[in-house]
Amino acid sequence: MANISVLSTPSAARPARRAANSRSSVAHDRLTVLLIFLPPALLLFTLFVIMPMGEAAWYSLYKWNGYGTPTEFIGLRNFQVLFRNAAFTQALFNNGLIIVISICIQVPLAIWLATMLAHRIPGVVGYRLIFFLPYVLADVAAGLIWRFVYDGDYGLFAAISNFFGFANPYVLADKDLAIYAILGVIVWKYFGFHMMLFIAGLQSVDKSVLEAAEIDGATGWQKFRYVTLPLLGSTLRLSIFFAVVGSLQLFDMIMPLTGGGPSNSTQTMVTFLFTYGVMRMQVGLGSAVGVVLFVICVTLAFGYKRIFMRHD
Amino acid sequence: MTDMSSSVRMRTSTRIYLYVSLSLIAAIVLVPLLTTALGGFKTLGDLRTNPFGLPTEWQWTNYTDILFGERYWLQIGNSLIIAALTVLLTLIVSSMAAFAFAHVRFFGSSFLLNYFLLGLMFPAATAILPLFIRIRDLGLLNTYWGVVLPQVAFGLGMSILLFRNYFRNLPEELFQAAFVDGCGYMRFFWHISLPLSRPIVATVSIISFVGSWNSYILPLIMLNSESKYPWPLGIMVYRGEYGTDWQLVLAFITLTILPTIIVFFVAQRHIIAGLTAGAVKS
Amino acid sequence: MASVELNDIRKAYGAVDVIHGISLHIEDGEFVALVGPSGCGKSTLLRMIAGLEEITDGEIAIGGNVVNAMTPRERNIAMVFQSYALYPHMTVAENMGFNLKLAGVAKPQIEARVSEAARMLDLATLLDRKPAQLSGGQRQRVAMGRAIVRNPAVFLFDEPLSNLDAKLRVQMRSEIKTLHQKVRTTSIYVTHDQIEAMTLADRIVVLNHGKVEQQGTPLELYRKPANLFVAAFIGSPAMNMLDGTVDGVNGEPAARLEDGTAIRLAPDRKVKAGQAVTVGLRPEHLIPGIAAGTPLAGRTMLVEPTGAQTHVVFDLAGQQVTAIVDGEYPARYGAVFEASIASDQVHVFDRGSGVAL
């Protein structure tokens, strides 16, 4: 890494006067850089990221409707209310469910597709593009498209089941099925991204190592199990990390599909925050949800990086 | 050694298996999108009875009404302005900060860097209420900046990281040569670091732009007059208004995701590289 | 251990032939080196024997069985790759034992064979390490250990020493040779370094553009190169090549260089008067001073001492000719360098076809 302070020690060959000038001018220069280049980012970040987070922690101890200043201190009561609230606990459960199932489905799917696309058959590039396409769309748009697909009257599901002579399915109105319908959309939207991660991971596996395995007598499946898969370890951990982080932030997709219903069966933490915190301007409660989400995210980030990604 | 041999050696049965599986998944990806696009060309009745096929009668008016209306272009325009401002501000602010981190050794620099990296750990949603209050108190509610500033702020962690790593990887000799020539930090930044930064500028721009273009919750909370709505809010409003007139809603959705799809196919390699690079490097 | 037979092997990529009908017979227990410049097809040939490349035409037989349709494992060959291709996530012991594990060999037997191979290659203390923790030379030995443990019919080496530094290369060369003398497995060794080939092989096959230029023992190739290509390829520093025309001098055949110098040729050379030829003089055969044979002289242009020897580059017939002389010889830049060469050490080739005469 280039460190510009190298110039601040003048070499003996330079005339003394010039050395003194360059030393002070470099120091002056350094200070200018620090004073001009850092503050904008610092200001923006502190004002709109750090302070709000701190304020969330503070507000969570109050009951407040957002006007004036918070005056009604209620300590940890917001948190008590939260954890006794059926909708919130459902939201927590849903987030967990989404994390587990999307990992269990998306990761194998992504690996499977990545290995298939590793063959050099014509059309591979086209397939890759198509699979990645849902990822570049907005969550909200994907949600709305699938709201149509799932629609019990006009949707594709309705058409298919009518074709087979079944009654119209109202999947999104069924409080047991809706969350799984949403899981389907999640997989549809993100599998391409995870697949790309694994494609990159596969490319980093040295071809001659696979040839050595072939000479050692490994079949296709054995090559995958004993050589490729272990070498995909760091990609796997990365993929799971993104699945977890993404699942916790789920909001845009859920709103057009179910809005959190029916009967709060598809709430996630962020939709809960929005519905009960923002829409009803219960700043204290909403901030409490934010704090819970923050704690979960940071614990995961630290814990995950420390435990799993230490050697990556 | 070229790999031409493996394609020769592949059995036909393997090929069939590959193409069938891949096409199946591709179908699952494309069918919702195509039926949405086609649905916009149908009447409601046609949509109900014939969702998968081509329209029995091509209804152009669904699409043309939207295209000749104001609201669609207004929303696309809003999205464009917000995204452009976000990208611009992000590039300027993060490249400068990253430059300082990369080249100036100062007391507390690693602490400060970790400070910014905190932003990578939690999403904007966690602090959305206090953020709303702050923006309101700053008088920026219902303005573009009310959306742009938080977006830039939350993206700083990633963009500073990307820029800093890139700057550090530029060859040392460049700097040493420039300094021998009497170049100070600022001129460096302007004349050397930035011009050499095209690839990372592209990556950061793509990440910021796509993030802003597709964002929903932030504008939802910060904006309340429809004339300022970006398209993600727009489609929800449209859906709210036209409820079960799916043929209209589908047409609207198609038109709003069309720019994304076109740009994606045109600049695929850059977009894919940009979006996955950000992921891997964090 | 087994013999290897290549029968009219052809390899084409699409419409382009890269290997044109090569036939070779390799004896059981023989160490054969395939040498040639980059792109001559030696690696491709090796990989076809291994089963990693499709054979477009022709047959390969190992131990008498035609193996064209067999997988690498079925062929019972082991290969050492240029990049070693060790499994990065496995320990040295696991790397060496992997093929036995795949074959279903019982654990205690795997351990026994692995430790024996480790002992042979001086790897016993490294068995628990991962490849990333090993030096280049150690990794090389693990790659060989992996091959030995299998007790295969044939060893295949694909430029295994190219990634090592010069000193290590010399050391590993002797280890490979010692190993072969101990184990006596049929070995096919691909390299672009002719010194490696000369020191290791029982027989050398020189390849160029997908064809065999010559095959024979190292000394055969050194003493009687079949054409210009082999002559220039074998021997370091390379043979000096000078253009001339055949002339008779005092009744004996000679080649007259462009400056009129006549170099006497051995009487059994099949030359015709007036034939355009290229004369080949090995630097080590140019003896300084006047001795029996053709005298040559020229101005010294370059003196490169290497300690035990000195390379003297002098000017002859408008060309720079290299001679190797003893390190004590007082070579001086600009001085006239006199040497002579015996007629039976003069190689002569037809200038058009390059064939030795």
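The legends below describe close-up views of a predicted model.

Local features are given only at pLDDT of at least 70 and side-chain atom pairs only at pLDDT 80 or more, whereas totals for chains, interfaces and linings use all residues. Residues are numbered from 1 along each chain as its sequence is written, and chains are lettered from A and ligands numbered from 1 in the order in which they are written.

**View 1. The contact between chain A and chain B.** In this view, 73 residues of chain A are in contact with 78 residues of chain B; a contact requires that the C-beta atoms of two residues, placed from the backbone, lie within 7 Å. On the chain A side, helix H2 (residues 39-59) provides the largest share, eleven residues. Helices (H or I, at least four residues) and strands (E, at least two) are DSSP runs, numbered from the N terminus. The chain A side comprises 57 nonpolar, ten polar and six charged residues. Here Ala, Val, Leu, Ile, Met, Phe, Trp, Tyr, Cys and Pro count as nonpolar, Asp, Glu, Lys and Arg as charged, and the others, Gly among them, as polar.

**View 2. Helix H6 of chain A.** Helix H6 (residues 139-150) of chain A has twelve residues and reaches 16 Å from its first C-alpha to its last, close to the 16 Å expected at 1.5 Å a residue; the expected span is 1.5 Å times one less than the number of residues. Twelve of the twelve residues of H6(A) are buried, so this helix is largely enclosed by the rest of the structure. Among the buried residues are A:Asp139, A:Trp146, A:Arg147 and A:Tyr150. A residue is buried if 20 or more other C-beta atoms lie within 10 Å of its own, exposed if 12 or fewer, and partly exposed in between, with C-beta atoms placed from the backbone.

**View 3. The two domains of chain B.** Chain B is divided into domain 1 (12-58 + 241-276) and domain 2 (71-233), with bounds from an automatic or database domain assignment. The centres of these domains, taken over C-alpha atoms, are separated by 32 Å. Seven residues of domain 1 of chain B are in contact with eight residues of domain 2 of chain B. On the domain 1 side, helix H14 (246-266) and helix H15 (268-281) of chain B are the elements that give two or more residues, and H15(B) supplies the largest share, four residues. That side of domain 1 divides into four nonpolar, three polar and no charged residues.

**View 4. Strand E7 of chain C and its neighbours.** Five of the five residues of strand E7 (residues 154-158) of chain C are buried, so the strand is largely enclosed by the rest of the structure. C:Val154, C:Leu156 and C:Asp158 lie on one side, and C:Phe155 and C:Phe157 on the other. Strand E6 (residues 77-80) of chain C pairs with E7(C) in the parallel sense over four bridges, and C:Met79 stands opposite C:Leu156. Strand E8 (residues 186-191) of chain C also pairs with E7(C) in the parallel sense, over five bridges; C:Asp158 has C:Val190 as its bridge partner. Pairing requires at least two DSSP bridges between two strands.

**View 5. An open sheet in chain C.** Four strands in the order E2-E1-E4-E5 (chain C) form an open sheet with antiparallel pairing. Strand E2 (16-26) and strand E5 (65-66) of chain C stand at the edges, each with a single partner strand, so one side of each is left without a neighbour in the sheet. Strand E1 (residues 4-13) and strand E4 (residues 57-62) of chain C pair over five bridges, and C:Val4 stands opposite C:Ile62 in E4(C).
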